Amino acid sequence: MTDQTETVISKGSPVRYVLFEVTLTTSDTVTIGDLSTIQDCALFNLADGLEDTATISGNIITLTQTGITNGKYVGIAVGT
């Protein structure tokens, strides 16, 4: 498990959402520093366009989709 750094594409003002790109392997995390609490998120795998499974804890997203190695994702996190 590694905490990966996201590239922010866009964010609201005031920040209520963050649109980002990130490369993840199963069990990797991404900490969205612009949000203190994430209420919901979606991670879309750019290889197939499908939404992969993830969990949220505070402002940390963990990829739980099995069998992913260095997958490229675009994600959106909504929170405060």
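Phe 20 counts as buried, at 0% relative accessibility. Buried means under 20% relative accessible area, exposed means over 50%, and partly exposed lies in between (1.4 Å probe, protein chains only). Phe 20 sits in strand β3. The C-alpha atoms of Phe 20 and Val 8 are separated by 4.4 Å, though the two are twelve residues apart along the chain.

This is a predicted model, in which local features need pLDDT of at least 70, side-chain atom pairs count only at pLDDT 80 or more, and totals for chains, interfaces and linings use all residues. Residues are numbered from 1 along each chain as its sequence is written, and side-chain values use heavy atoms, with hydrogens and water left out.

**Overall fold**

- The protein chain has zero helices and nine strands. Helices (H or I, at least four residues) and strands (E, at least two) are DSSP runs, numbered from the N terminus.
- From the N terminus on, the order of elements is β-β-β-β-β-β-β-β-β.
- Along the principal axes, the C-alpha atoms fill a box of roughly 35 × 20 × 20 Å.
- Of the 80 residues, 34% count as buried.
- Among contacts between residues at least 6 apart in sequence, 59% join residues at least 24 apart. A contact means heavy atoms within 4.5 Å.

**Buried positions**

- Val 30 lies in strand β4. Val 30 counts as buried, at 1% relative accessibility.
- Val 30 and Glu 6 are 24 residues apart along the chain, with their C-alpha atoms separated by 6.8 Å.
- Leaving aside neighbours within four places in sequence, Val 30 is in contact with Asp 3, Gln 4, Glu 6, Phe 20, Val 22, Asn 59, Ile 60 and Ile 61.
- Asn 45 belongs to strand β5. Asn 45 is buried too, with a relative accessible area of 7%.
- Not counting residues up to four places away in sequence, Asn 45 touches Leu 50, Asp 52, Ile 68, Lys 72 and Tyr 73.

**Polar contacts of Asn 45**

- The side chain of Asn 45 makes a polar contact with the side chain of Asp 52, at 3.2 Å. A polar contact is a pair of N or O atoms within 3.5 Å; within protein, one must be able to donate a hydrogen and the other to accept it, and residues adjacent in sequence count only if both atoms are side-chain atoms.
- A polar atom of the Asn 45 side chain also lies 2.9 Å from the backbone nitrogen of Ala 47.

**Salt bridge**

- The structure holds one salt bridge. The term covers a side-chain nitrogen of Lys or Arg within 4 Å of a carboxyl oxygen of Asp or Glu.
- Asp 34 and Lys 11 form the bridge, their closest N and O atoms being 3.2 Å apart. The pair links distant parts of the chain, 23 residues apart: Asp 34 is in the loop between β4 (29–31) and β5 (38–45), and Lys 11 is in strand β2 (residues 7–11).
- Asp 34 is partly exposed, with a relative accessible area of 31%. Lys 11 also counts as partly exposed, at 40%.

**Surface**

- The accessible surface of the protein chain comes to about 4400 Å², and 51% of it belongs to carbon and sulfur atoms. Areas come from the Shrake-Rupley method with a 1.4 Å probe; for residues, only the protein chains shown count as cover.
- Tyr 17, Phe 44, Ile 76 and Val 78 make a nonpolar surface patch of about 290 Å². Patches are made of residues with over 30% relative accessible area and no salt bridge; like charges are joined within 9 Å, nonpolar side chains (Val, Leu, Ile, Met, Phe, Trp, Tyr) within 5 Å.
- Tyr 17 is in strand β3 (residues 17–24). Tyr 17 counts as partly exposed, at 34% relative accessibility.

**Backbone geometry**

- Most residues other than glycine have a negative phi, and most peptide bonds are trans.
- The peptide bond from Ser 13 to Pro 14 is cis, with omega near 0 degrees. Pro 14 is found in the loop between β2 and β3.
- Ser 27 has a positive phi, near 80 degrees. Ser 27 lies in the loop between β3 and β4, and is partly exposed at 35% relative accessible area.
- Asn 70 has a positive phi, near 50 degrees. Asn 70 lies in the loop between β8 (60–63) and β9 (71–79), and counts as exposed at 53% relative accessibility.
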